[in-house]
Structure formats: C-alpha cells, structure tokens
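Thanks for coming, everyone. Please take a look at the structure on the screen. I'll walk you through it.

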Amino acid sequence: MGSSQRLFNRERTLHEILGGGQVADLILWRNKNQTVMILLVTLATFVVFERSGYTLLSLVSNVLLLLVVILFLWAKSASILNRPAPPLPHLHLSDEMTNEIAAFIQMRVNNLFSVSQDIALGKDSRLFLKVAAYLLLISVVGGFTDFPTLVYTSLFIVLTLPALYERYEDYIDTFVLRCYKELCQLYRKINEEYISRVQYWILEKKKLS
C-alpha cells in the first residue's frame with residue numbers, strides 16, 4: 001500500500017515509528033515469549049493487588065523476603081549436604097538494550113518537553129485543545145477506575161492494539177480513509193446547505209445594521 005493510502009500519508013512502517021528496536025519488537029510481538037510473559041506477570045500482579053489488598057511496597061518487600069530466605073536456606077543446606085548451589089541465572093542488562101531504552105525514553109521526553117513549551121507559550125491553540133481534551137478524558141476515566149486497573153488496561157492495550165493494527169494494517173487504513181472521505185463529504189454538504197446560509201444571513205444582518 002502506498003503512502004497516500006496509509007493513515008496520515010506516512011511513509012514509515014509502524015515498527016519504525018515505534019523506534020525499530022527491541023521495544024518495538026516487544027510491542028509488535030516480534031518476541032512473542034517476552035510479550036506473553038509480560039502480560040502474564042502483569043495479570044498475576046493485578047490479581048494479587050485486587051484480591052489480597054497488598055500495596056506495591058508491601059508486596060515487593062514480602063516477595064523479596066521470601067525469595068532471599070529460600071535461596072539462603074537452599075545454599076546453606078547445599079553446602080552442608082554437598083549438593084549443588086541454587087541454579088541462579090546470570091542476570092545482565094546489555095549495553096545495546098540499555099542504549100535503546102534510554103534513546104526511546106529520551107525521544108519521548110524531548111517530544112513532551114517541546115509540546116509543553118509550545119502550549120505554555122501559546123504557540124499552538126489546536127494542540128492546547130487536544131491536550132486539554134486528553135487530560136479531561138484521563139480525569140473522567142480515572143474517576144471510574146483505580147490506578148492498578150488503569151495501568152494493566154493501558155499495558156494490555158499497548159501490547160495488543162499495535163500488533164493487531166500491524167497485522168490488519170491494509171484493511172484498517174482502507175476502512176478509516178473511506179470513513180474520513182465520507183465525513184468530509186458530509187461536512188461539505190452541511191457547510192453548503194446550512195453553515196454557508198447562516199454566515200450569509202449574519203453578513204446581511206451586519207449590512208442592514
């Protein structure tokens with residue numbers, strides 16, 4: 001599909017728009033095992049928060065305490081009984097992954113700063129209205145749900161909708177563009193039949209007054 005037939009006439013793919021690195025691979029299910037693991041862990045954490053009434057700090061502290069105690073007793077008993085030590089994985093964050101995450105965060109934060117500056121200086125009224133609408137929407141949604149539910153729902157959306165869009169991109173773009181063209185035609189029709197008449201009536205009133 002050509003760029004003129006895509007949403008916003010974009011030339012880059014969704015993978016490139018999301019950064020083209022491991023974060024994009026994770027969001028678009030290029031690494032299915034990691035994405036599924038994140039969803040399952042997040043779901044398990046959400047259920048624990050909802051059912052047990054734990055706070056984040058108490059849950060993390062109890063899990064770490066249990067893990068440390070088990071590993072300590074395992075290692076001590078293994079040394080006494082001449083058994084192998086606990087098979088701990090070698091945890092290491094590569095420089096490549098760190099740089100990609102840092103670059104992704106830096107790009108998003110810089111974009112946020114640029115948008116905030118434009119709004120604060122009154123340079124873009126349309127952008128101000130969009131941001132105000134989004135913040136109002138978040139405020140309304142926040143009134144109907146709690147923070148853990150909102151976080152899990154947002155993460156679920158981030159890890160599912162982009163992948164679904166990439167898979168059915170041609171169908172979605174065609175449908176949305178068709179709807180957009182029909183809305184534009186409807187707007188022109190309303191503008192010609194009603195808005196133009198009202199504007200003409202207002203001008204006539206001003207001339208008579």
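**Two helix pairs and the overall fold**

Let's start with one contact. Val115, Asp118 and Ile119 in α5 meet Leu127, Phe128 and Val131 in α6. Contact here means heavy atoms within 4.5 Å. Those contact residues divide into five nonpolar, no polar and one charged. For these classes, Ala, Val, Leu, Ile, Met, Phe, Trp, Tyr, Cys and Pro count as nonpolar, Asp, Glu, Lys and Arg as charged, and the others, Gly among them, as polar.

A word on the source. This is a predicted model, where local features need pLDDT of at least 70, side-chain atom pairs count only at pLDDT 80 or more, and totals for chains, interfaces and linings use all residues. Residues are numbered from 1 along each chain as its sequence is written, and side-chain values use heavy atoms, with hydrogens and water left out.

Now the geometry. Two packed helices are described by the angle between their axes and the distance between the axes. Axes are lines fitted to C-alpha atoms, for helices over the stretch in contact, and angles run from 0 to 180 degrees between N-to-C directions. The axes of α5 and α6 (residues 125-144) cross at roughly 115° and come within 9 Å. That makes α5 roughly perpendicular to α6. The cut-offs: under 35 degrees is roughly parallel, over 145 roughly antiparallel, 65 to 115 roughly perpendicular, and the rest oblique.

Stay with α5. It covers residues 95-120, which is 26 residues. From first C-alpha to last, α5 reaches 37 Å, close to the 38 Å expected at 1.5 Å a residue. That expected span is 1.5 Å times one less than the number of residues. Just after α5, Gly122 takes a positive phi of about 70°.

Next pair. α3 (residues 32-52) and α7 (residues 147-158) pack at about 165°, with axes 10 Å apart. They are therefore roughly antiparallel.

Finally, the whole chain. How many helices and strands are there? Nine helices and zero strands. Both are DSSP runs numbered from the N terminus: helices are H or I, at least four residues, and strands are E, at least two. The C-alpha trace spans about 105 × 40 × 35 Å along its principal axes.
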